[in-house]
Amino acid sequence: MRRWSGCTGTIKAALWGEGCEDSWTGVLFFSGEVIAGWGFDGRSMLGAEGGAMSGGPASLTGGCRCGAVRYEVADAFEYALNCHCSQCRRATGAAFKSLAGIPRGRLALTAGEDGLLIDGALEAAHDVRCGVCGSLLYSVVREGAYVHVAMGTLMDEPSIRPAAHIFVGSKAKWYEITDGLPRFEQFPEG
Ligand SMILES: [Zn+2]
Ligand SMILES: [Zn+2]
């Protein structure tokens, strides 16, 4: 097991990663935002573009509880995190939200597009839910460029795994983190 962290040059980027010979993951943060992630799952190298570098990324299906809304997303997530902020806890009703980030254009709705419940302004950051059952499917973030998929709505298994806990400073008191993933009080800073 090894870990490292640091800042580079004038762009105030922070880098951390951990792992062992069999597998490892890393994330690059810039100005408080994750801008790249990578990993090695023991078989194939996962790059900043996500997905296995040999061959194109597979497509994953996701959907809401009632089945009215379905989406397809490339198995090419750039990062995945467990967010303990109060917004994510209340939006999901869970101790934390596991989210996976990917450029918006790599996710497409395949059913139920007419019946969505949009929480927030369409042109700004907003949550996308099923209008029938209310499941939180994904959030449009980072000035509309990315989506954060609520990983619990994935029906297929993604290659990526959450690499850290964030906003641990506002985590539910009744929930104890029991894994060894890095923890950040808020969003990681460089
Ligand atoms: Zn539904
Ligand atoms: Zn959150």
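Visitor: Which residue of strand 14 is the bridge partner of V128?
Guide: In this predicted model, V128 has Y138 as its bridge partner in strand 14.

Visitor: And what's the partner of D127 in strand 14?
Guide: D127 is bridged to S139 there.

Visitor: Do those strands run parallel or antiparallel, and how many bridges join strand 13 to strand 14?
Guide: Antiparallel, with 4 bridges joining strand 13 to strand 14. They make a hairpin with 5 residues between the strands. In its turn, G134 has a positive phi of about 85°.

Visitor: What about strand 14 and strand 15, parallel or antiparallel?
Guide: Antiparallel, over 4 bridges. In that pairing V141 stands opposite Y146 of strand 15. This is a hairpin too, with 4 residues between strand 14 and strand 15.

Visitor: Is strand 14 enclosed or open to the outside?
Guide: Strand 14 is largely enclosed by the rest of the structure, because 5 of its 6 residues are buried.

Visitor: Back to the loop between strand 14 and strand 15. What's the phi of R142?
Guide: R142 has a phi near 50°, which is positive although the residue isn't glycine. R142 sits in the loop between strand 14 and strand 15.

Visitor: And E143, what's its phi?
Guide: E143 has a positive phi near 55°, and that residue isn't glycine either. E143 is found in the loop between strand 14 and strand 15.

Visitor: Why does E143 count as exposed?
Guide: Because E143 has 9 C-beta neighbours inside 10 Å, and 12 or fewer counts as exposed.

Visitor: How does R142 come out, and why?
Guide: R142 is partly exposed, because 16 other C-beta atoms lie within 10 Å of its own.

Visitor: Switching to packing. How many residues are in the largest nonpolar core?
Guide: The largest nonpolar core has 35 residues. Those with the most contacts inside it are A80, L81, L99, A100, I102, L137 and V149.

Visitor: Which elements give two or more residues to it?
Guide: Strand 8 (70-74), strand 9 (79-83), strand 10 (97-103), strand 13 (126-130), strand 14 (136-141) and strand 15 (146-150). In soluble globular proteins, nonpolar side chains tend to be buried together.

Visitor: Pick L81. What does L81 touch?
Guide: Leaving out residues up to four places away in sequence, L81 touches L99, P162, A163, A164 and I166.

Visitor: How many bridges for strand 8 and strand 11?
Guide: They pair over 4 bridges, in the antiparallel sense. Y71 stands opposite L109 of strand 11.

Visitor: What's S59 in contact with, skipping its neighbours within four places?
Guide: S59 is in contact with E72, A74 and D75. S59 lies in strand 7. With 13 other C-beta atoms within 10 Å, S59 is partly exposed.

Visitor: How far apart are S59 and L107 in space?
Guide: They're 9.4 Å apart, C-alpha to C-alpha, and 48 residues apart in sequence.

Visitor: Zooming out, how many helices and strands does the protein chain have?
Guide: The protein chain has 1 helix and 16 strands. Of its 190 residues, 34% count as buried. Among contacts between residues at least 6 apart in sequence, 49% join residues at least 24 apart.

Visitor: And what's the mean pLDDT?
Guide: The mean pLDDT is 80, and 70% of the residues reach 70 or more. Over residues 1-25 the pLDDT is below 50, and that stretch has 49 contacts in the model beyond near neighbours in sequence.

Visitor: Where else does pLDDT stay under 50?
Guide: Residues 28-33 stay under 50, and the model has 18 contacts for them beyond four places in sequence.

Definitions and conventions
Residues are numbered from 1 along each chain as its sequence is written. Chains are lettered from A and ligands numbered from 1 in the order in which they are written. A nonpolar core is a set of buried Ala, Val, Leu, Ile, Met, Phe, Trp, Tyr and Cys residues joined through C-beta atoms within 7 Å. A residue is buried if 20 or more other C-beta atoms lie within 10 Å of its own, exposed if 12 or fewer, and partly exposed in between; C-beta atoms are placed from the backbone. Two residues are in contact if their C-beta atoms, placed from the backbone, lie within 7 Å. Two strands pair if DSSP finds at least two bridges between them. pLDDT is the predictor's confidence in each residue, from 0 to 100.
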